[in-house]
Amino acid sequence: GDLAFQCWMAMTSASATTAFLCSPLVAPTATSFTGSRRGSHRCVPRHKIGRRAVVLACAESKSGDEVVPSEDKASDDTHVFRPTLTPEELADVGMAFRPAPALAQVLLPLRYFLTLRARIKSNTTLVMPIFGSLPDTLPSRSFSFSSTPTAPTLPELCKNLRLAAHDRRICSVYLRITAGNGSITAGYAKLAELTRHMAYFRASGKKIRVFLEAGGEKEFLVARAADEVYVPPEGVLSLLGFRVSGDFLRGTLNKVGIYPDVMRIGEYKSAGDQLLRESMSEAQEEALTAILDQQFSHFAANVSFVDGKAVDDVRDLLENPPISAREYRDKAWVSNLLYESDVRDLIKDEQKPGLREKDEKKFQRLQPKTVSSEVYYRVRPKTLGIQGKQRIAIIRATGAIGSGE
């Protein structure tokens, strides 16, 4: 018990020094390594403070910890998803946009009239907030007195975008990425699925507008897959690049007299290195470098592909990120600087063209016709005449995978 307590004290004291930015009065023995991925493509030890990066770590590190990753692979499309905008590219991934059959389109007005689950007016904009982890589960709607918006799920967003592409009543999609709802914490695989369905919706000829109040790389990635991106003049976009890290406790364990026995199988099996080593092995550095290369390649391919930006532009964006929202506008990374009320005016202009010039007071009193993501999720594919006879069952499995007998 005393030995465990001493070990805990040593580890917590080493962790506590992370708030002092390598104070010379403290000499912890736990080594921490962080690799960062920016335009210069370098992995640096975590105790070294890079430009525009807040690094809170104080640890012993050897001079050999600095790693230069492999050559830039952003131009290599292998294992990199890009937003597919053309019908040919959508067809390559099995998502070619095809209008409903002629007979189904003739019957659409009757289907809309008989719909009871979700009555939607013509020329309506679908409004969907994007935030949270986007769980891969069906949405659960329950009655609540809370004013907090329900976190969207990935199946909900994808289904809504797919159906809205065929729905004559939907004229556009409005995505809200606001600071009040929180940041996007979903992984890049989920964001790739989301942006692919955004491309499917855009293939129908309708627009997607995004109001991006604040965010980082993930929020910027989703916004760039839309037709128009609007940021408020005081908006904050923090593009700090990518990083991976590793902690090594061998020095701490030596202080308290603990010598772990770990069986290592394979050169790249580095899970036990946290207890066995005081610094990162070459194999782990190589693996983490490959991860950083893949993350940057994925981000650069997505961000640069939509409007013809070059990969060098994305590299410069991460290496020298703009400070203000105005700079993002001047460099054509966003469409314009508008408040959300101004974006809603754009939606009203789309729904009622020419009304502002005819009657400004009436235009200001007018409320845009919108439908929430929760309500639109009730729409059934057969209402739009796009549900065929053949069906594919999708079984969603979530949670950890444990070993059985």
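These legends describe close-up views of one predicted protein model.

**View 1**
The protein has 405 residues, and 44% of them count as buried. Its secondary structure comes to 15 helices and 10 strands. The accessible surface comes to about 22000 Å². Carbon and sulfur atoms hold 55% of that surface. Now look at contacts between residues at least 6 apart in sequence: 73% of these join residues at least 24 apart.

**View 1. Helix α4 packs against helix α5.**
The axes of α4 and α5 lie 8 Å apart, at an angle of about 10 degrees. Angles under 35 degrees count as roughly parallel, so α4 and α5 are roughly parallel to each other. Which residues of α4 meet α5? On the α4 side they are Leu154, Leu157, Cys158, Leu161, Arg162, Ala164, Ala165 and His166. Their partners in α5 are Lys190, Glu193, Leu194, His197, Met198, Tyr200 and Phe201. By class, this contact of α4 with α5 has 10 nonpolar, two polar and three charged residues.

**View 2. Helix α5 meets helix α6.**
Helix α5 covers residues 188-202, and helix α6 covers residues 217-224. Their axes come within 9 Å and cross at roughly 20 degrees. That makes α5 roughly parallel to α6. The crossing of these two helices, α5 and α6, is right-handed. From α5, the residues in contact are Tyr188, Leu191, Leu194, Thr195 and Met198. From α6, they are Glu217, Lys218, Leu221 and Val222. The contact of α5 with α6 divides into six nonpolar, one polar and two charged residues.

**View 3. Valine 222 sits in helix α6.**
Is valine 222 buried or exposed? Valine 222 belongs to α6 and is buried, with a relative accessible area of 0%. Set aside residues up to four places away in sequence, and valine 222 touches Ile177, Ile184, Leu191, Leu194, Thr195 and Met198. Leucine 175 lies 47 residues from valine 222 along the chain, yet their C-alpha atoms are separated by 9.5 Å.

**View 4. Helix α6 also packs on helix α9.**
Helix α9 runs over residues 282-305. The axes of α6 and α9 come within 8 Å and cross at roughly 35 degrees. What is the handedness of the crossing of α6 and α9? The crossing of α6 with α9 is left-handed, while that of α5 and α6 is right-handed. Glu217, Phe220, Leu221 and Arg224 are the α6 residues in contact. They meet His298, Phe299, Asn302 and Val303 in α9. The residues of this contact of α6 with α9 divide into four nonpolar, two polar and two charged.

**View 5. Two residues show a positive phi.**
Most residues other than glycine have a negative phi. Leucine 134 is not a glycine, but its phi is positive, about 50 degrees. Leucine 134 is found in the loop between β2 (124-129) and α4 (154-166). Leucine 134 is buried, with 0% relative accessible area. Alanine 332 also has a positive phi, near 65 degrees. Its place is the loop between α11 (325-330) and β9 (336-337). At 40% relative accessibility, alanine 332 counts as partly exposed.

The loop runs between β3 (170-177) and α5. At 52% relative accessibility, alanine 179 counts as exposed. Beyond its neighbours within four places in sequence, alanine 179 is in contact with Glu213 and Ala214. Alanine 179 and leucine 212 are 33 residues apart in sequence. In space, their C-alpha atoms are 8.7 Å apart.

**View 6. Arginine 380 follows helix α15.**
Arginine 380 is found in the segment after α15 (373-376). With 37% relative accessibility, arginine 380 counts as partly exposed. How many residues lie between arginine 380 and leucine 163 along the chain, counted as their separation? They are 217 residues apart, and their C-alpha atoms are separated by 8.3 Å.

Key
Residues numbered from 1 in each chain as written. Predicted model: local features only at pLDDT ≥ 70, side-chain atom pairs only at ≥ 80, totals over all residues. Heavy atoms only, no water. Axes fitted to C-alpha atoms, helices over the stretch in contact; angles between N-to-C directions. Helix = DSSP H or I, 4+ residues; strand = E, 2+ residues; numbered from the N terminus. Parallel < 35°, antiparallel > 145°, perpendicular 65-115°, else oblique. Left-handed = near helix turned anticlockwise from the far one by under 90°. Contact = heavy atoms within 4.5 Å. Nonpolar A, V, L, I, M, F, W, Y, C, P; charged D, E, K, R; others polar. Buried < 20%, exposed > 50% of the residue type's maximum accessible area, 1.4 Å probe, protein only. Areas by Shrake-Rupley, 256 points an atom, 1.4 Å probe, with all protein chains shown as cover.
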